[in-house]
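Please keep the sequence and the model at hand while reading.

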Amino acid sequence: MTPLKNDTFLRALMRQPTEYTPVWMMRQAGRYLPEYKATRKNAGSFLSLCKNADFATEVTIQPLDRYPLLDASILFSDILTIPHAMKVGLEFEAGEGPVIRRPVRSLADVEALPIPDPEGELRYVMDAVRLIRQELDGRVPLIGFAGSPWTVGCYMVEGGGTKN
């Protein structure tokens, strides 16, 4: 494993002294960046962008190339990758966001959910992590993320985002 060239973020997490407060931003891959928009267009769909390790790596690293003072990289993915791997019929509809075609609303629905294998149904996430780490070459740490069980569960029960 390549040693980190910038470990400020990790030292701050361990409550060790740092020369400055580390900088990283949620939504760092920034759907506002022109680079992101171009890659997203090449991918064809949001889910295709998430499921292609090369595209996910590209949009993960774009903010670091644009803003070299960032102290960490954030994995480009989506909080609904696990439900997608659980075969609930996840689709991303333009203007609406995620839609789950087979919501989980009964005990039978819960019992029918498969447990996805990270190297099987979620291999694209694992491949992206491996490729991103290789491309980062120790430049900064890679941060992963996940939706809270409550948030992901709400999507799975409601069939998408809801205000209720």
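Which residues do ring pairs link into a cluster? The cluster consists of Tyr36, Phe46, Phe76 and Phe92. The model is a predicted one, and the count of aromatic pairs in it comes to 4.

**The pair of Phe9 and Trp24**

- The ring centres of Phe9 and Trp24 lie 5.9 Å apart with the planes at 85°, so this pair is classed as edge-to-face, the class for planes over 60 degrees apart.
- Phe9 belongs to helix H1 (residues 8-13), whereas Trp24 lies in the loop between H1 and helix H2 (34-43), so the contact ties together parts that are 15 residues apart in sequence.
- Phe9 has a relative accessible area of 9% and is therefore buried, the limit being under 20%.
- Trp24, with a relative accessibility of 35%, counts as partly exposed.

**The pair of Tyr36 and Phe76**

- Tyr36 and Phe76 form a tilted aromatic pair, with 5.9 Å from centre to centre and 55° between the planes.
- This pair links distant parts of the chain, 40 residues apart: Tyr36 is in helix H2, and Phe76 is in the loop between strand S1 (73-74) and helix H5 (81-85).
- Both Tyr36 and Phe76 are buried.
- Tyr36 and Phe76 are also members of the cluster that includes Phe46 and Phe92.

**A charge over a ring**

- The charged end of Lys51 sits over the ring of Tyr124, at 5.6 Å from the ring centre.

Notes: Residues are numbered from 1 along each chain as its sequence is written. This is a predicted model: local features need pLDDT of at least 70, side-chain atom pairs count only at pLDDT 80 or more; totals for chains, interfaces and linings use all residues. Side-chain values use heavy atoms; hydrogens and water are left out. Rings of Phe, Tyr and Trp (its six-membered ring) pair if their centres lie within 6.5 Å; planes under 30 degrees apart count as stacked, over 60 as edge-to-face and the rest as tilted. Helices (H or I, at least four residues) and strands (E, at least two) are DSSP runs, numbered from the N terminus. Buried means under 20% relative accessible area, exposed over 50%, partly exposed in between (1.4 Å probe, protein chains only). A charge sits over a ring if NZ of Lys or CZ of Arg is within 6 Å of the ring centre and within 35 degrees of the ring normal.
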